[in-house]
Amino acid sequence: ELAHACGRSQEAARIYQRLAKRSADRADVARALGLLALAANQRVEAKQYFEAAMRAPSTSADVYFEYAM
């Protein structure tokens, strides 16, 4: 989150991708990848990440909101 918040999106994406490979069922990681994709105007990829986050256990309402946007 820190790399993303500091504007280092590419570094954040690499970190989140590694986390996603280790634990594919983490909603927070899929959501973060969705937000990064959305910021890069990659809407199809963002939608796929948000959908993955919604399938994961313990999904927050934020994921559903961001998916709807």
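Tutor: A salt bridge is a side-chain nitrogen of Lys or Arg within 4 Å of a carboxyl oxygen of Asp or Glu. Side chains of opposite charge can pair when their charged atoms come close. The present structure is a predicted model, in which local features need pLDDT of at least 70, side-chain atom pairs count only at pLDDT 80 or more, and totals for chains, interfaces and linings use all residues. Side-chain values use heavy atoms, with hydrogens and water left out, and residues are numbered from 1 along each chain as its sequence is written.

Student: How many salt bridges does a search of the whole structure find?

Tutor: The search finds three. In one of them, R31 pairs with E66, their closest N and O atoms being 2.9 Å apart. This pair links distant parts of the chain, 35 residues apart: R31 lies in helix α3 (residues 27–39) and E66 in helix α5 (residues 61–68). Helices here are DSSP runs of H or I with at least four residues, numbered from the N terminus.

Student: Is E66 buried or exposed?

Tutor: Buried means under 20% relative accessible area, exposed over 50%, and partly exposed in between (1.4 Å probe, protein chains only). E66 has 14% and is therefore buried, whereas R31, at 25%, counts as partly exposed.

Student: What separates K47 and E51 in helix α4?

Tutor: About one helical turn, because they are four residues apart in that helix (residues 43–55). K47 is partly exposed at 44%, as is E51 at 25%.

Student: Which side chain does R26 meet in a salt bridge?

Tutor: That of D28, at 2.5 Å from N to O. R26 is partly exposed at 34% relative accessibility, and D28 is partly exposed at 43%.

Technical notes:
Helix = DSSP H or I, 4+ residues; strand = E, 2+ residues; numbered from the N terminus.
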